[in-house]
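User: I would like a close look at one part of this model. Please keep the answer connected and brisk.

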Amino acid sequence: MKIGSLLSQVYKSGLVDAQNNSIVVTHMSDRAMKIIYFSNNSGSRLLKIYSNKKGYYEYETLSFLADYLKEYTVKPDGFFQDEQNTLSVVPYVAQRELNVADMASPSIAKQVVDVLICLHRVKDAREIKLFCEQINFAELMPCVEKSLGLSVDYKDYFNSAVPVVLQRLLEVPQHGDFTFTNLGVRDNGMLFVFDWEDYGRIRWPGFDFATFLASFLHHSNTYNSAVGSVDSFIRMTERKFGSGVYKGLDLDSRTFAFLFPFYLTGFMFLKKRLNYADTIIDRITGMIEYLFKSADWQRFIRKGLN
Ligand SMILES: Nc1ncnc2c1ncn2[C@@H]1O[C@H](COP(=O)(O)OP(=O)(O)O)[C@@H](O)[C@H]1O
Ligand SMILES: [Mg+2]
C-alpha cells in the first residue's frame, strides 16, 4: 500500500508533527503496516491505516459514540483519504490486552456490562445515521445450512422462532466484534474498547454480550462446562456479570439464552463474510454445534419461550 500522500496530508494538518517525533510501527498484520505510533511533547497519537473505506466508518462512528462511552474509548482527531487507502488519527491510550485473569476481578466484569449498557443508552440509537451496512437476516440461513447441516428442528428455530423473538426487541446497534482481542485494560484499571469498524452491522440487543461470553469461555477453557444446561448457563452469567445484566440490556435471561445459539451463528456469518481465519470460524461453529447437540438446549429451543 502507498501511504506517502496520506502521511503528507496528516503532516499538513498539523495533527502530528513530522519533525521531532519518535515513530514506531507498533502493529503488523497480514494487511501490512497498519498502525503507526507517534509521540512527541504534545502527546502521542496513533495513525490507523485501512486499505479500504472502512476507516471512514470507524472515524464517523467514534466521533459520536465517544461522547456516550465515558472513558471507555477516545474521540478521533482526524480522517484522511486517497484513492486507495484511508487513515484516521486517534489519541494514543496506554493499555494492555485484556486477559482471562482480569475476569477474576469484579471490576472488569462490571465495566464490560457498563460498556454494553452505555451502547443501549445511546440517545436515539435508532435514528442515528449508521455508517455500516446492516446484516440482512435472510442472508444468514444459507450460511447456517451450509456450515451446520441443520436438522428440521433447527430450521424452524432459525426461520420461525428467532424472527418472532427479534421482532419484540428494541433495535440496538452493537459493537459487532466485542471480544478479548478488541478490549484493553488501562493503567488505571479502566477497560478500553477499540476496533469499531463493525459498529451497527448487527442491531440485536445482547449480541455483543454473547460474543464476549463466547470469547471469555473460550479463553478460560470453560465453554463446554458453562453451557452444560440452559439454567446453569444463565446462573453463571448472572453470577459473573451481576443479576441486573439482562435488564440493562433490555432483555430477560431466558430470551437471551434462547437467542444465544442464533447470536453465535450471526457472529460466525460475520466472520466468514469478512474473511476471518478458519480457526476462528471452526471454533465458533464447534460452539454452536455443542449447544445443538445438548439434550437440554434441544428441549429449550424446541419448546420456545412460551
Ligand atoms: N487509541 C488507541 N491507543 C492505543 N492503542 C490502540 C488504540 N486503538 C487501538 N490500539 C491498539 O492497536 C491494535 C489494533 O487496533 P484495532 O482497532 O483492533 O485494529 P485491527 O483492525 O487491526 O484489529 C489493538 O490491538 C490495540 O492494542
Ligand atoms: Mg482489532
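Which residues does Tyr263 touch, not counting residues up to four places away in sequence?

Analyst: This is a predicted model. Tyr263 touches Gly206, Phe207 and Ala210, leaving aside residues up to four places away in sequence.

Start with the core around these contacts. The largest nonpolar core has 58 residues. Within that core, Ala210, Tyr263 and Leu264 touch the most other members. Helix H10, residues 253-273, gives the most to this core, with twelve residues. Another core lies apart from it and has 13 residues, including Val16, Ile36, Phe38 and Phe80.

Now turn to helix H6, residues 207-219. What do they pack against?

The length of H6 can be checked. At 1.5 Å a residue, its 13 residues should span 18 Å. The C-alpha atoms at its ends are 18 Å apart, which agrees. Just after H6, Asn221 takes a positive phi of about 60°.

Next comes the ligand. Around ligand 1 there are 14 residues. Val90, Tyr92, Val93, Phe194 and Asp195 come nearest. By type, the shell divides into seven nonpolar, five polar and two charged residues. Strand S1 (22-29) supplies at least two residues of this shell, and strand S2 (32-40) also supplies at least two. Both domains take part: domain 1 (4-92) and domain 2 (97-303) each provide at least three residues of the shell.

Finally, the chain as a whole. It holds twelve helices and eight strands. Of its 306 residues, 35% are buried. Consider contacts between residues at least 6 apart in sequence: 70% of these join residues at least 24 apart. Ala210 and Tyr263 are among the residues that touch the most other members of the largest nonpolar core.

Definitions and conventions
Residues are numbered from 1 along each chain as its sequence is written. Chains are lettered from A and ligands numbered from 1 in the order in which they are written. This is a predicted model: local features need pLDDT of at least 70, side-chain atom pairs count only at pLDDT 80 or more; totals for chains, interfaces and linings use all residues. A nonpolar core is a set of buried Ala, Val, Leu, Ile, Met, Phe, Trp, Tyr and Cys residues joined through C-beta atoms within 7 Å. A residue is buried if 20 or more other C-beta atoms lie within 10 Å of its own, exposed if 12 or fewer, and partly exposed in between; C-beta atoms are placed from the backbone. Helices (H or I, at least four residues) and strands (E, at least two) are DSSP runs, numbered from the N terminus. Two residues are in contact if their C-beta atoms, placed from the backbone, lie within 7 Å. A residue is near a molecule or strand if its C-beta atom, placed from the backbone, lies within 6 Å of it. Ala, Val, Leu, Ile, Met, Phe, Trp, Tyr, Cys and Pro count as nonpolar, Asp, Glu, Lys and Arg as charged, and the others, Gly among them, as polar. Domain bounds come from an automatic or database domain assignment. The expected span of a helix is 1.5 Å times one less than its number of residues.
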